[in-house]
Amino acid sequence: MTDTLVRFEGVRKTYGTGGAAAVVGLDLDIARGELMTLLGPSGSGKTTTLMMLAGFEMPSAGRILLEGRDIAHTAPHRRGIGVVFQSYALFPHMTVAENVGFPLSVRGVGRADRDARVAKALAMVRLDGYADRRPLQLSGGQQQRVALARALVFEPPIVLLDEPLGALDKALREEMQLEIRHIHQRLGVTMMYVTHDQAEALTLSDRIAVFEGGRIRQVADPKRLYDRPADAFVAGFVGENNLLPGMIEARDGEDCTVRLRCGPVVEAQAVDCGGVGQSCLVAIRPERIAVAGVTASDLGEGALPATLQEAIFLGDYVRLRLSVGDGGDILVKRPAGIGALPEPGGPAAIAWPEGAAFAFSDAV
Amino acid sequence: MNRPALLTAPLLLFLLITFVAPIGAFLWRGVTDAEVAPVLPRTVAALVSWDGAATPDEAAFAALVADLRDARARDRETGIGSIPRAAARLNADRPGFRGLLPMTARRVEASIEGSMRDAVLAISEEWRDAETWGAIRRAGGPLSAFHGLMALDLRQDAAGSIRAVPDDQAVFRAVLMRSLWISLTVTAACLLLGWPIAWMIATAKGLPATLLLAAVMLPFWISLIVRTAAWMVLLQREGVVNAALGAVGVGPLALMMNRFAVVLAMVHILLPFMVLPLVAAFRGLDPRLPRAAASLGAAPWRVFLRVTLPLCLPGIGAGCVLVFIQALGFYVTPALLGGPNDQMLAWFVGFYATRSVNWGLAAALSVMLLAAVGLCVALYGKLAGFRRPGAA
């Protein structure tokens, strides 16, 4: 068993008396040294969870343990947790060095020691020459690095990052994602990262907790989350997916047969769907579907006849939109430059490998 | 010239005519002397080379007699009292001149045989005193430090050296100190009382914030004199407060005509000027910054000292400067609610301008007030800077 650093036990958070619950019955363990991402749409409770760990929100019920100690009602400044805020929250009246040195000076670290540690932290985020600048003289990415250095310099057991890259443009965001990942690997510090960007979560995380409606839908490593989503929400939220409504016609343990609403009957792996006669959603990843400009019978057994509606060229891959049966809409992604595309409107067939389709309950 | 500048021209002209020019002309009187030179031009000229130690020589006396004869003839012709006016000015420097000059002028009209010096000395022994002549020389103009020195409780003797006036005549330095002290007390009280309410307004939302702000703004809609009069009604010996105290067996207390009443009413009047900048400062404060400081390990008092306070400093400074400068110039409130020892500089300006008609001194005191205000603003600029928070 891994060494648990933070544990949420039955944590609830409701606002006001009888108000809506922001977090409902949260149980989550964060292991020492891992980078755990809380992923979810806005209002899903992920930021509330982070704020409860940081100490700015009090849980209405439940316990939050940090190294086995219940800190649910400890004041924020006594928790010793580093926080990187959404738009940096650097102190505008202090220089970069004073910002980074702040957590050390409030802990009474001597000047010489402090200067050395500040210099080391700034070197770590590659801001060596910027010690005497003011935060407003820095670019967004540089400010973000200062905030990161400030949250790391006092060597907290865990650093919380609340959508830290939200204000940056795409290229800079990707660069910073790698940088945060490398710092995490180098220092071995535990991190809890909150984001609504599933690509960011997949890039960074050791494990991802998917939040929705104040609940955790699934906790898994990125690969498992992508390949084996636990329910239809995760399947739709993490990565792109075709979610086709249908009805279960037969079920044999993990295998089931589903009649899609658009007509065809397909085989799928049952994940959390009900029994025969229940409605469900069938999920198939767009990149796992093969397309050919031939009739379905030519493609082989299990292939479905389809019509190509449009093809969008995106450089490294092509997005194909096909219609299947009566009103079925299927998205397919395939690398550009491989094989010939079928004619739009002409005969086409699609097929996917066994095990690529999953059946989920459609009750959200 | 561009269009906006042209459109503001009427306003600038209006300000120039009604504000800048009259005030400038008035302040100019504080550093000039124009009453004595037209009456005694030859005397003033004769005293230029005088050493200021001994009684002047015959030439000065002759010039004095000639000047007084001319002035008296001119006064009689035009009906304008230039000699009494010059006498009043000299009397402000050296008491006794108000009688001495007209009397001497009257007596030298008769023809004088022999030495003018002996004749004038026969009229009054005062003319033997070097300081009498020193007063004329000091008032000779056109520029003069007399009023300015007087406003600082200093004077120049006949020989030209500057020294402090005797303690029993020194007033204005004490008045300046008192004015500064009252203003400082009022500013501190406004800051202490205004801080919590400003914080409440800044952190409240919706209707409560609007109502609180309206309550703070309410005094702005009532004239300053009405508010001061209201305090008189409340605080006087048979007033509301004493009646209430009497009902519980206390008093009556002397609540008016003292420093307490002055400070109380001034705080009441000036509080909005402190609250509004503070509200703006608190509202401009990024609420994540105190949170960030707490997450980095700073206890609440340290968050306040190292983050909240420095970031609010421009607002605090603006509020303090606004209140302090206005308090320094207060006139009506101390005049109506204060005792003789609670009057501020502005009261003395009013006194010398309207009652003792010593416009020079009134102007010099105004210059002193203006200088005090300018110094405070400069000090604030030096300490806090006139820039926006965070800007380098």
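1. In chain B, 34% of the 392 residues count as buried, a residue being buried if 20 or more other C-beta atoms, placed from the backbone, lie within 10 Å of its own. For chain A the buried share is 43% of 364 residues. The model is a predicted one, in which local features need pLDDT of at least 70 and side-chain atom pairs count only at pLDDT 80 or more, while totals for chains, interfaces and linings use all residues. Residues are numbered from 1 along each chain as its sequence is written, and chains are lettered from A and ligands numbered from 1 in the order in which they are written.

2. Chain B contains 18 helices and two strands, these being DSSP runs (H or I of at least four residues for helices, E of at least two for strands) numbered from the N terminus. Its radius of gyration is 29 Å, well over the 21 Å that the globule rule gives for 392 residues, so chain B is more spread out than a compact globule; the radius is taken over C-alpha atoms, and the rule is 2.2 Å times the number of residues to the power 0.38. Along the principal axes, the C-alpha atoms of chain B fill a box of roughly 100 × 65 × 45 Å.

3. Chain A has nine helices and 20 strands, and its C-alpha atoms fill a box of roughly 80 × 45 × 40 Å along the principal axes. It is divided into domain 1 (4-233) and domain 2 (240-361), with bounds that come from an automatic or database domain assignment. The centres of these two domains of chain A, taken over C-alpha atoms, are separated by 39 Å.

4. The buried residues of α9(B) include V175(B), L176(B), I182(B), V186(B), C190(B) and G194(B). The buried residues of this helix pack against α10, α13, α15, α17 and α18 of chain B, contact meaning that C-beta atoms, placed from the backbone, lie within 7 Å.

Definitions and conventions: Buried ≥ 20, exposed ≤ 12 C-beta atoms within 10 Å, placed from the backbone. Contact = placed C-beta atoms within 7 Å.
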